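Good morning, and thank you for coming.

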Amino acid sequence: MEEESLISHPFSVPTTLFTSALLLLLLLLLSLLFFFFKARASSKPKAHYRLPPSPMGLPVVGHLHLLRAPIHRALHRLTLRHGPLIHVRLGSTLCVAAATADLARDLLKTHDAAFSDRPQTIAARHFAYDSAAFAFAPYGPYYRFMRRLCMLELLGSRTVDQLRPIRHAEVAALLRTLLEKSKRREPVNLSWEVIRLTNNEVTRMAASTTSSAVGGEAEEARELVKQVAELIGAFNLEDYIGFCRGWDPQGLSKRMRDVHARFDGLLERIIKGKEEARRSKKKKNSNREGGEEDDDGVVKDVLDILLDVAEDEKAEMKLSRENIKGFIMDIFTAGSDSSAASIEWALAEILNHPRVLQKLRQEIDQVVGNGRIVDETDLPNLPYLQAAVKETLRLHPPAPIIHRQATRDVTVEGYVIPAGTALFVNVWSVGRDPKYWEDPSEFRPERFVDDRAVVDMRGQHFQLIPFGSGRRGCPGMTLALQAVPVAVAALMQCFDWEVSGESCGSNSGSGREEKGTLVDMEEGIGLVSARAHPLILVPVPRLDPFPEI
Ligand code: HEM
């Protein structure tokens, strides 16, 4: 059976449990024939809409049977056959999918305002504190206020810089673990270690003034994030088949309520701990002579900033407890798995390309040397590393589909996309758009070196949009573009890697997989596009003596 990926980014389309839901659906089909005519009549677009082309659909299920996971690949195949802009139906929900860089520009730039909402699935509603959170909030005054706060403070470059020591400490902890294991020549499940790294980084940056503030809770957060991923990724019949609404035939809504209650409990504990720490700090300060503030050098984390705003009488908008919990939950779930998937894919591609590995190490050795571990401050001097990360995100975007919803009717290339339509911009296809990419399936970091280095990932060059674009583009990009390359660089600088067991290539036709030597590149299914199988490798220390960590 195909292993399902359990890691998440909540802005992609549901894929997990897709197959089982489809089976259930087909069983229901016969008994629901009566409803078909009703559902079809109510879901039919009005006659004057000139929709983009579409494959042949079925009653009730629409095109569900054509969308086997991973969905970005299924949509890619359909757009190759029917044109770069198509429409499909998930049950009774009308969706439009776009597959080229030019269409991405049209939809996410020219019509950005019309596509600035996200579809409100049942999971989104459950985990979004009734729209009080950020990632699924409608594009209104609250969202705009939070977005500004996010870009200037919460995830802005100043906060990201100030919290660098947390990330540095977590990378060092990972290297120590690997060094220990290397002494016993023990295979390491690097996928697991990398998820732990990014999860610790995000939870500590979000909510810990000291390393112990969330320490014990990071594990619980990791487990809950996994559950949220599964549930957001589940194909929920209630979302797409009108007559299933309120019935919960798969028991998903019940599970969502349970997981949400547990996550809420964890967030309450974290926030109460933080409030306690802030109260005692205030007390300590007020006991000081002259009542001057104690600038004890402790840097504010994201939760501190949110609580400051919530307590500020003059703030443009008052933040509620729900707003704060929602935002922290969003970055716990959005921040760690996407970065982990990028690190894993980068390692796998680099190991499969010894020439790239050699060039990368040459660059790191020249810039950093052997006496210390590479640091985020080295990144501007490591252009080949940055190119390798870009190339990884082009070929393996962790959120392969950008998911938005039309707030009004939009005309694109002569077709009309009606208000309420779900939009899928297939980032995976866009990164392979032959108009912009030569030999698109080749892993070749060189394409970003020299004059082509101007293609960046900030959402202005639409052939490369792994972080999306426009008013709903990823606010965690600055953070990810520090955390991902430095982790890749440290792992390549410090260790040689022997490929072991499950991670071996399978000669499955890519032309670069060779049994016993190289890493398999099979893609899993799940909200975040991660590897299907864990990366199991044996670390062999490369630096002798190993630098102090
Ligand atoms: C390599 C890592 C990452 C990738 C590839 C990625 C990708 C994306 C994409 C494609 C979107 C949707 C953009 C759109 O609709 O145009 C998004 C949204 C979002 N991401 Fe990320 N992301 C990453 C890391 C992070 C991190 C580290 C954080 C926070 C700590 C984060 C937080 C968010 C949030 C909160 C949103 C929702 C924004 C909104 O709806 O306005 N992401 N991300």
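By buried I mean under 20% relative accessible area, by exposed over 50%, and by partly exposed anything in between, with a 1.4 Å probe and protein chains only.

A word on the source: this is a predicted model, in which local features need pLDDT of at least 70 and side-chain atom pairs count only at pLDDT 80 or more, while totals for chains, interfaces and linings use all residues. Residues are numbered from 1 along each chain as its sequence is written, and side-chain values use heavy atoms, with hydrogens and water left out.

How many aromatic pairs does the structure hold? There are 8 aromatic pairs. In Phe235 and Tyr240 the ring centres are 4.9 Å apart and the planes stand at 10 degrees, so this pair is stacked. The rule is that rings of Phe, Tyr and Trp (its six-membered ring) pair if their centres lie within 6.5 Å; planes under 30 degrees apart count as stacked, over 60 as edge-to-face and the rest as tilted. Elsewhere, Phe134, Tyr139, Tyr143 and Phe327 form one aromatic cluster.

Two arginines also lie over ring faces. Arg432 sits over the face of Trp428, 3.8 Å from the ring centre, and Arg531 over that of Trp345, at 6.0 Å. Such a placement requires NZ of Lys or CZ of Arg within 6 Å of the ring centre and within 35 degrees of the ring normal.

I turn to charged pairs. Side chains of opposite charge can pair when their charged atoms come close. A salt bridge here is a side-chain nitrogen of Lys or Arg within 4 Å of a carboxyl oxygen of Asp or Glu, and the count comes to 46 salt bridges.

Which parts of the chain does the pair of Asp304 and Lys274 link? Their side chains meet in a salt bridge at 3.1 Å, N to O. The pair links distant parts of the chain, with Asp304 in helix α13 (residues 302–311) and Lys274 in helix α12 (residues 252–287), 30 residues apart. Helices (H or I, at least four residues) and strands (E, at least two) are DSSP runs, numbered from the N terminus. Both Asp304 and Lys274 are buried.

Asp308 and Lys300 also form a salt bridge, at 2.8 Å, N to O. Asp308 is partly exposed at 27% relative accessible area, as is Lys300 at 45%. These residues belong to a network of salt bridges that links Lys274, Arg278, Lys282, Lys300, Asp301, Asp304, Asp308 and Glu311.

Next, the interior. A nonpolar core is a set of buried Ala, Val, Leu, Ile, Met, Phe, Trp, Tyr and Cys residues joined through side-chain atoms within 4.5 Å. The largest one has 64 residues, and those with the most contacts inside it are Leu190, Ile343, Ile350 and Trp497. Several elements each supply at least two residues of this core, among them α8 (164–183), α9 (190–207), α14 (321–352) and β8 (495–499). The largest share, 12 residues, comes from α18.

Leu190 touches Leu178, Leu347, Trp497, Leu535 and Leu537, not counting residues up to four places away in sequence; contact means heavy atoms within 4.5 Å. Apart from this core lies another, of 53 residues, including Phe134, Ile166, Val202 and Ile270.

Why is helix α18 described as largely enclosed by the rest of the structure? The description holds because 17 of its 18 residues are buried. Helix α18 (residues 477–494) should span 26 Å at 1.5 Å a residue, and its end C-alpha atoms are 26 Å apart, which agrees. The expected span is 1.5 Å times one less than the number of residues.

Finally, the backbone. Most residues other than glycine have a negative phi, and most peptide bonds are trans. A cis peptide bond joins Ala69 and Pro70, with omega about -5 degrees, and Pro70 is in the loop between α2 (33–43) and α3 (71–82). Val60, in the loop between α2 and α3, has a positive phi of about 65 degrees although it is not a glycine. Another cis peptide bond joins Asp544 and Pro545, with omega about 5 degrees; Pro545 lies in the segment after β9 (536–541).
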